[in-house]
Amino acid sequence: MIPLGDEYKPLKKPYVNYALIVINTVVFFYFFLQGFYVFRKAVYLLGLVPYYIIQGKRLWTIFTSMFMHGSVDHLLGNMLYLYIFGDNVEDALGHAKYLLFYIISGIGATIMHIVTLPPYLHYWLIPAVGASGAISGVLGAYMLLFPRVRIKVLLFTIYGIIFIRVPAYYFIGIWFLYQFYAATYALLGIRSGIAFWAHIGGFITGLLLVKLFGWEKKKYIRAYPVRPGVYRIPVE
């Protein structure tokens, strides 16, 4: 399932979310367009290498790794999710709180990634990059704050490509179950190159932050379009 958008638009411009998308994109292409050698060096320099972190070295990479990506599709996938789900979460939390929330979710993802690594040195030397841990926190917050908002989804089936609309809790719930399913294989030493436990860590961090601070959706009700000229009031 590929999300294409949601049916609940924010009242305020999500400036922080836009800025995060721009920064991630600019950072990636700044290094990527300089060639493979420069790009690879940047990944190792700015990416999070667990071996160094547990030694108390290069701690700044906990932050910089959130703005690095390993490939074009890696970047595009993450930015798509951030664009769709981040604006409403920023609308609910406010600009400053959203930025802090995003960073803390990324840190939570990093911690989970490190504590679930297998006890083999070569895994601890692989740099981890990507905004997906922080974005997973955004998904967790979205599921709690906007559970019944419908997500427009592109679905591939044996009958071809179809477009459906499903509640956010359903789409994000399936996403989380897949992450957990894939993460269990990672614990067995079957590595995919994707830090699934980081996704889970970020997601759980996002859920906990929303509950801990008692953040709630703004007290407004807005209609969203079902089809041209027809609107429905969301029930939260």
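This short talk walks through the helix packing and the salt bridges of one predicted protein model.

Before the details, a word on the ground rules: residues are numbered from 1 along each chain as its sequence is written, and side-chain values use heavy atoms, with hydrogens and water left out. Since we are looking at a predicted model, local features need pLDDT of at least 70 and side-chain atom pairs count only at pLDDT 80 or more, while totals for chains, interfaces and linings use all residues.

Let me begin with the overall picture. The secondary structure comes to 10 helices and 5 strands, where helices (H or I, at least four residues) and strands (E, at least two) are DSSP runs numbered from the N terminus. Of the 236 residues in the protein, 46% are buried; buried means under 20% relative accessible area, exposed means over 50%, and partly exposed lies in between, with a 1.4 Å probe and protein chains only. If we take contacts (heavy atoms within 4.5 Å) between residues at least 6 apart in sequence, 73% of them join residues at least 24 apart.

Now to the helices. Two packed helices are described by the angle between their axes and the distance between the axes. Here the axes are lines fitted to C-alpha atoms, for helices over the stretch in contact, and angles run from 0 to 180 degrees between N-to-C directions.

Helix α6, residues 95-115, and helix α8, residues 132-145, have axes that come within 7 Å and cross at roughly 115°. On the α6 side, the residues in this contact include Y98, F101 and Y102, and those on the α8 side include I135, V138 and A141. By class, the contact of α6 with α8 has 8 nonpolar, 4 polar and no charged residues; Ala, Val, Leu, Ile, Met, Phe, Trp, Tyr, Cys and Pro count as nonpolar, Asp, Glu, Lys and Arg as charged, and the others, Gly among them, as polar.

Helix α6 also packs against helix α10, residues 196-213, at an angle of about 135°, with their axes 7 Å apart. That angle makes α6 oblique to α10, because angles under 35 degrees count as roughly parallel, over 145 as roughly antiparallel, 65 to 115 as roughly perpendicular and the rest as oblique. Among the residues that meet here are F101, I104 and M112 in α6, and W197, L209 and V210 in α10. This contact of α6 with α10 divides into 9 nonpolar, 7 polar and no charged residues.

K9 forms one with D6, the closest N and O atoms being 3.1 Å apart; K9 counts as partly exposed at 47% relative accessibility, whereas D6 is buried, at 2%.

K12 forms a salt bridge with D91, again with closest N and O atoms 3.1 Å apart. K12 lies in the loop between β1 and α1 and D91 in helix α5, residues 72-93, so this pair ties together parts that are 79 residues apart in sequence. K12 is partly exposed at 34%, and D91 is buried at 2%.

R150 forms a salt bridge with E7, with the closest N and O atoms 3.1 Å apart. R150 sits in strand β2 and E7 in the loop between β1 and α1, 143 residues apart, and both R150 and E7 are buried. Finally, salt bridges that share partners join E7, R150 and R165 into one network.

Note on methods. Salt bridge = Lys/Arg side-chain N within 4 Å of Asp/Glu carboxyl O.
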